[in-house]
Amino acid sequence: MKASQDLKHHVDPFSWDATVARGLEPRLLADLPPAGAFRTLAEHRITHPKPPRIQKKGDPRIITEIERAGLTGRGGADFPTAAKWKAVTAGDRRPVVVVNGAEGEPAAGKDALLMARLPHLVIDGALFAAAAVGADRVFICVGEHSPPAVAGIKQALAERRTLEKDPGVRIEARIVPDRYVAGESSALVHWINSGNAVPTATPPRTSERGVGKRPTIVQNAETLVHAALILARGAEWYRSVGTSEEPGTRLVSITGAVPNPVVCEVEAGSWLLDIFEQSGGDPTKVSGVLVGGYYGTWIHPRDAFETQLTNESMRPHGASPGCGILRFQPAGTCGVSAVAELAEWFAGESVGNCGPCVFGLQAIANALRALESCTNTKAMLERVQRLTAEIPGRGGCKLPDGAAQMVASGLEVFADEVQAHRAGRCTARARRSAPVETPIQRPVEIPFDVPIKTLVSSNGHPTMHLADSSSSSSPSSSSQDGCRVCPYCAEEIRSAAIKCRYCGEWLER
Amino acid sequence: MSERRRRTSSHEDRRLVVDFIACEGHGMCRDILPDNFRLDEWGYPIVTNEVVFSEVLSDAKRAVRLCPELALRLEEIKERRREPAIT
């Protein structure tokens, strides 16, 4: 499972299958149009009532209904929605509603899917929120990485302007830069205000001082869709599924060891095992489950498959359903490598605000890469453990905390793999028909006609390189200077090589 | 840590808070309050003991004043945080 695969699906909401858990009546995904299509306003209004016209004073009855339903935020924090809405009504300035559809998590697909296929439901939710608190401006923020989601929202807003009366509020679509922290609420507000998507110091919270210094609700797109449905059908209807503490349904984004990535609507409190099996996965072929996304926690499959999708059930494992991502690491792949790759992604996502994040995340990623290539493992493991303990709580936003949590839990879940790497081998590689057990290599330009030797590259990453000068070259692919093309990555390598120095694949001779 | 400092907290006590967005790792806070801070390998502070007792409050106020980035501040300790963890 590679991060590049996540990023591919991240861009295209139509590459996800949309399903509903067995036995559950679809709610959010009811009458979902096929991939590539979107539900028009006329189709939408058959089943969904129009939100009320927005009054300056707001409508506390709406907040009461949301409170009775017990809706919580689906962006990851699970904060009670009614409390958030109440907080902005305290001041005397008119609030602003910001729909957070930035969805920076590469392994998530739910918000883009909603905005691309059911944009009117998202807009209705935002209008209900605006009506509840008396907001006069709504910003719908869509991640720029997902053109279908941007198109869906823009098309839906254009339709509304021509077909429906003015709801008494100014709605604007905004295209958010593709950057993980842009989806953090203070960063999103700062970006609307100044065009710079970096988190700002809290307090003040966005609910006190947000867009244009006005109290601001920043709410995840899925949460607003739930709100729209609650106000159309009632709190009792919402509470009729799920658990008493965590009622309703959730959208989960399932990737990894499944045939195709799936956005699945499930009841809160569903078993992870059921969710995974219904998505076409084989529970015996999983080596770890990343719950809650990159900004989440690894759980060992033996625990994960006995866990329900609730905060209560996941708390003992240090996890929470978060934004509903379940990323299943296929068995037989290197867990250390997976954790290192995600750590590297985190390091690249640091916006450069805070020193501990800028230097710390890169240092963690480098140390994990060294561990992956089985070099200086004892010191590197200690370094990772020390840094993951030092970093949390020392950033303007929670990005470093999330990275540290992901890495620390990953090293626990893949403890066997880590031990193997400490002993100088990678179990995933060994299983894959390799002639001898060797560590994974990082491609570095080095002289490579040494038979087997450990070298240290210019950037300080120790690396190991293998070449067999005595072997005969393959006649079909060799050229005049003894080079050929790697069949796996198409880089030019020596025809005598038994292992590609770029991609690390073993070659046939 | 002296016996006098290990006593129960008073309402005069404050909590040290670092604004890491502003912090540039000058290390002034550690120089002034070595009991409360240590530095990581890049010179950014790690708060080892966030509670400042009223007896040493003047030192802490000096550290707040002298931080070149104005990234250090003292906050009142809320009721629930009254039991300081002394490291």
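**Figure 1. Antiparallel pairing of strand 1 and strand 4 in chain B of a predicted model.** Strand 1 and strand 4 (residues 51-52) of chain B pair in the antiparallel sense over 2 bridges; strands are DSSP runs of E of at least two residues, helices are runs of H or I of at least four residues, and both are numbered from the N terminus. Two strands pair if DSSP finds at least two bridges between them. Within strand 4 of chain B, Val52(B) stands opposite Arg14(B). Residues are numbered from 1 along each chain as its sequence is written, chains are lettered from A and ligands numbered from 1 in the order in which they are written. Because the model is predicted, local features need pLDDT of at least 70 and side-chain atom pairs count only at pLDDT 80 or more, while totals for chains, interfaces and linings use all residues.

**Figure 2. Strand 1 of chain B beside strand 5 of chain B.** Strand 5 (residues 72-76) of chain B runs antiparallel to strand 1 of chain B, and 5 bridges join them. Here the bridge partner of Arg14(B) is Glu76(B). Strand 1 spans residues 14-18; Arg14(B), Leu16(B) and Val18(B) form its covered face, and Arg15(B) and Val17(B) its uncovered one. In a regular strand the side chains alternate between the two faces of the sheet.

**Figure 3. The open parallel sheet of chain A.** The 4 strands of this sheet have the order 4-3-2-5 and pair in parallel. Strand 4 (170-176) and strand 5 (216-220) of chain A are the edge strands, each pairing on one side only. Strand 2 (residues 96-101) and strand 3 (residues 137-143) of chain A are joined by 6 bridges, and Val97(A) has Val138(A) as its bridge partner in strand 3.

**Figure 4. Packing of helix 15 and helix 16 in chain A.** Helix 15 (residues 355-372) and helix 16 (residues 377-390) of chain A pack at about 150°, with their axes 9 Å apart; axes are lines fitted to C-alpha atoms, for helices over the stretch in contact, and angles run from 0 to 180 degrees between N-to-C directions. The two helices of chain A are therefore roughly antiparallel, a term for angles over 145 degrees. Residues are in contact if their C-beta atoms, placed from the backbone, lie within 7 Å. Among the residues that meet are Gly360(A) and Ala363(A) in helix 15 of chain A, and Thr377(A) and Met380(A) in helix 16 of chain A.

Conventions
A residue is buried if 20 or more other C-beta atoms lie within 10 Å of its own, exposed if 12 or fewer, and partly exposed in between; C-beta atoms are placed from the backbone. Angles under 35 degrees count as roughly parallel, over 145 as roughly antiparallel, 65 to 115 as roughly perpendicular and the rest as oblique. Two residues are in contact if their C-beta atoms, placed from the backbone, lie within 7 Å.
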